Each structure stands twice: as C-alpha cells, then as structure tokens.
Amino acid sequence: MQGKITFAFNRQRLLELQARHGLTDAEFSRKAGISRQQFQQWKADITRPNVASLAALSNTFGTDINYFFTAGQYQNVIRELAEVGR
C-alpha cells in the first residue's frame with residue numbers, strides 16, 4: 001500500500017497571487033474553477049490544495065507550480081511523487 005503524499009503549501013503565495021491579479025475571493029475562485037468556500041479554506045489554512053489543484057492554479061494564473069512552495073519544498077514533492085510512481 002502506498003503512503004499519502006504530503007507537501008508544505010505556502011498559503012501566503014496564494015494570497016499574493018490573488019492580490020497581484022486584484023481579484024475578490026469570488027472572482028479568483030470563479031477564474032480558478034473552484035468553489036469560493038474551497039478557496040477560503042485554503043486561504044485560512046483549514047485545507048490545502050492537492051497537486052492537481054496547484055497545477056490548475058499554475059496554468060490559470062501563469063505561474064510555475066514552484067510558486068506555491070517555500071524554497072526546497074518543491075524538490076521534496078517531486079521526489080515523493082517519483083517514489084510513489086515506482
């Protein structure tokens with residue numbers, strides 16, 4: 001059985017991205033294709049987006065997925081994904 005992959009999401013980066021685009025919670029979530037409640041839970045650090053959601057956010061807002069991680073954490077995600085894929 002494979003273990004659950006965890007990663008350290010930097011929610012401050014989500015807030016920066018929202019501010020950079022000048023979007024309200026409703027506008028941001030609509031553009032990202034997620035519910036406003038889900039977005040607010042991410043912002044409040046109640047829940048965290050999964051890797052697929054981060055990839056969608058990256059594509060929608062023109063960022064690299066690295067943007068959502070603190071320095072060094074992204075490499076850990078890639079390593080964990082590679083190990084699970086073996």
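Me: Which residues does L57 touch, not counting residues up to four places away in sequence?

Reply: The model discussed here is a predicted one. In it, L57 touches L14, F28, A32, W42, G62, T63 and F68, once residues up to four places away in sequence are set aside. L57 itself is found in helix α4.

Me: Is L57 buried or exposed, and why?

Reply: L57 counts as buried because its relative accessible area is 1%, and buried means under 20%. L57 also lies 9.7 Å from I34, C-alpha to C-alpha, although the two are 23 residues apart in sequence.

Me: T63 was named among the contacts of L57. Where does T63 lie, and which residues does it touch?

Reply: T63 lies in the loop between α4 and α5 (73-84). With a relative accessible area of 15%, T63 is buried. Leaving out residues up to four places away in sequence, T63 touches L17, R20, L57, S58 and F68.

Me: How is the arrangement of two helices described, and at what angle do the axes of α1 and α3 cross?

Reply: One considers how far apart the axes come and the angle at which they cross. The axes of α1 and α3 come within 9 Å and cross at roughly 125 degrees. The two helices are therefore oblique to each other.

Me: Which residues of α1 and α3 meet?

Reply: From α1 the residues are R11, L14, L15 and Q18, and they meet F39, W42 and K43 of α3. Sorted by class, this contact has four nonpolar, one polar and two charged residues.

Me: How far apart are R13 and E16 in helix α1?

Reply: R13 and E16 are three residues apart in helix α1, so about one helical turn separates them. R13 counts as partly exposed, at 26% relative accessibility. E16 is likewise partly exposed, at 35%.

Me: With which residue does K43 form a salt bridge, and are K43 and D25 buried or exposed?

Reply: K43 pairs with D25, and their closest N and O atoms are 2.6 Å apart. K43 lies in helix α3 and D25 in helix α2, so the pair ties together parts that are 18 residues apart in sequence. Both K43 and D25 are buried.

Me: Which side chain meets R48 in a salt bridge?

Reply: The partner of R48 is D45, at 3.4 Å from N to O. R48 is partly exposed, with a relative accessible area of 47%. D45 also counts as partly exposed, at 34% relative accessibility.

Notes. Residues numbered from 1 in each chain as written. Predicted model: local features only at pLDDT ≥ 70, side-chain atom pairs only at ≥ 80, totals over all residues. Heavy atoms only, no water. Axes fitted to C-alpha atoms, helices over the stretch in contact; angles between N-to-C directions. Helix = DSSP H or I, 4+ residues; strand = E, 2+ residues; numbered from the N terminus. Parallel < 35°, antiparallel > 145°, perpendicular 65-115°, else oblique. Contact = heavy atoms within 4.5 Å. Nonpolar A, V, L, I, M, F, W, Y, C, P; charged D, E, K, R; others polar. Buried < 20%, exposed > 50% of the residue type's maximum accessible area, 1.4 Å probe, protein only. Salt bridge = Lys/Arg side-chain N within 4 Å of Asp/Glu carboxyl O.
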